[in-house]
Amino acid sequence: VTALGNEEGESEAVDTRPTVKVTQLSPVAYPVEIEAFGELSPLESTNLSAQVSGEITSLNLQFLSGGIIKRGEVLFTIEKHAYEAALL
């Protein structure tokens with residue numbers, strides 16, 4: 001009996017691939033209310049000082065706290081006579 005050996009039957013191949021299902025999704029708006037308290041501070045701040053002094057005659061409307069000034073825009077103009085005197 002042992003001469004015939006251990007007869008292990010041919011095993012069937014087992015499929016080990018993962019099962020994947022596809023589902024159609026749609027976005028849903030979900031309102032969120034957050035109550036908080038604290039102090040806001042700017043990410044960046046800049047201190048300016050003029051090289052000459054004088055009376056301001058006009059001011060850029062965006063030249064205020066939180067305003068955005070693009071490069072090359074005039075911030076303010078001062079009285080021409082005081083400026084010319086300071087240059088001399």
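What percentage of the 88 residues in the protein do buried residues make up? The share is 1%. The model shown is predicted.

**Figure 1. Overall fold of the predicted model.** The protein contains one helix and two strands. Along the sequence, these elements run in the order β-β-α. Strand S1 covers residues 56-59. Strand S2 covers residues 76-78. A loop lies between the two strands.

**Figure 2. The aromatic pair Phe63–Phe76.** One aromatic pair turns up in a search of the whole structure. Its partners are Phe63 and Phe76. The ring centres are 6.0 Å apart.

Figure 3. Phe63 belongs to the loop between strands S1 and S2. Phe76 is part of strand S2 itself. The pair therefore ties together parts 13 residues apart in sequence.

**Figure 4. Exposure of the paired residues.** Phe63 has 33% relative accessibility and counts as partly exposed. Phe76, at 28%, also counts as partly exposed.

**Figure 5. Surface and contacts of the whole protein.** The accessible surface comes to about 10000 Å². Carbon and sulfur atoms account for 54% of that area. Among contacts with a separation of 6 or more, 28% join residues 24 or more positions apart. Buried residues make up 1% of the protein.

Methods: Residues are numbered from 1 along each chain as its sequence is written. This is a predicted model: local features need pLDDT of at least 70, side-chain atom pairs count only at pLDDT 80 or more; totals for chains, interfaces and linings use all residues. Side-chain values use heavy atoms; hydrogens and water are left out. Rings of Phe, Tyr and Trp (its six-membered ring) pair if their centres lie within 6.5 Å; planes under 30 degrees apart count as stacked, over 60 as edge-to-face and the rest as tilted. Helices (H or I, at least four residues) and strands (E, at least two) are DSSP runs, numbered from the N terminus. Buried means under 20% relative accessible area, exposed over 50%, partly exposed in between (1.4 Å probe, protein chains only). Contact means heavy atoms within 4.5 Å. Accessible areas come from the Shrake-Rupley method with a 1.4 Å probe; for residues, only the protein chains shown count as cover.
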